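Here are my notes on this one, point by point. Have the backbone torsions and the strand pairing up on your screen as you read.

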Amino acid sequence: MINIIKKNKLLKKIAEAVLIKSINTAVKEQGLEQIKRDLNKIVSDLSTHRIHSVIEGEFAETKARGQHAFQMGLLIKAVRMLGKKQLTIVDIGDSAGTHLEYIKALCHDLDIDTISVDIDKEAVDKIKSKGMKAIHSPAEELDLGDTKIDIFTSFEMVEHLTNPSLFFRRMAVKGKCELMLITVPYLKNSRVGLHHVRSILKGKSTVEAMRQIYPEQEHVFELSPDDWKMLISFSGWRIIDDQIYRQYPQKHIMHLMKPIWKKYDFEGFWGAILRRDRSISDLYRGWSD
């Protein structure tokens, strides 16, 4: 059915209109309308937000804007928790510097220094061309030495890692920060992603096609919030706040879109603000810090 819709321009247009209505109604219900409008003013063009894919068309942009509004709402909360006038934020897995542009504009009363980190050199070069600081490094190998960081952020990044627990542990041990903020796709039940690998194994894709896939494009672990919470606690952090953003409303007829989002995309996204707490993690003797 989904292939039929994709091939038929009219059906695709109708389907996207319904999905846009679902997102806009959900954004309003979750109190994110104003911040969504603000983000649109700060960065009006999202077409180059990603490195190996393009955000184009009303549906793709509406989806991204809703997601960004949720993320920035959480980041503003984390920033205000610290109560500092000067702070440094490091965005790990940053493909364009967009979120750091957002937060500097939204919290213009504060002196915010930013550093972007990405495994893709093209992303790093693009961010540097904007006059922003950027580091070329895999997330798991990031070492900022004695640099004092106030907040680490990671927006839809940890699900792309082959070893997210090691990433969290190393950030808890080596990363001198007060808080970390992560967002990931929301699923009620955990699963291994590897969707491009699945396509190869099922004969729907080729090994050659897999060679064209970048880390940005492949999920490894897609976990439920409960499993992320367990992994985070095991790896050296304590959750002090968490929220679920849904791409459909819960108190509107559009809540009927839930099974559609669940099957063909994600119901939404889960985000958490973390504080370093190694009391459990240090009990495990198997770490290679």
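1. Leu194 sits in the loop between strand 6 (191-192) and helix 8 (195-201); helices (H or I, at least four residues) and strands (E, at least two) are DSSP runs, numbered from the N terminus. Leu194 isn't a glycine, yet its phi is positive, about 50°. Most residues other than glycine have a negative phi. With a relative accessible area of 28%, Leu194 is partly exposed (buried means under 20% relative accessible area, exposed over 50%, partly exposed in between; 1.4 Å probe, protein chains only).

2. A word on the source: this is a predicted model, where local features need pLDDT of at least 70, side-chain atom pairs count only at pLDDT 80 or more, and totals for chains, interfaces and linings use all residues. Residues are numbered from 1 along each chain as its sequence is written, and side-chain values use heavy atoms, with hydrogens and water left out.

3. Glu156 is another non-glycine residue with a positive phi, near 50°. You'll find Glu156 in the loop between strand 4 (151-155) and helix 7 (164-174). Is Glu156 buried or exposed? It counts as buried, at 15% relative accessibility.

4. Now strand 9 (residues 268-276): 7 of its 9 residues are buried, so the rest of the structure largely encloses it.

5. Which way do the partners of strand 9 run? Strand 5 (residues 179-186) is antiparallel to strand 9, joined by 8 bridges (two strands pair if DSSP finds at least two bridges between them). Here Ile182 is opposite Ala272 of strand 9. Strand 8 (residues 237-246) also pairs with strand 9 in the antiparallel sense, over 9 bridges, and Arg246 faces Gly268 of strand 9 across that pairing.
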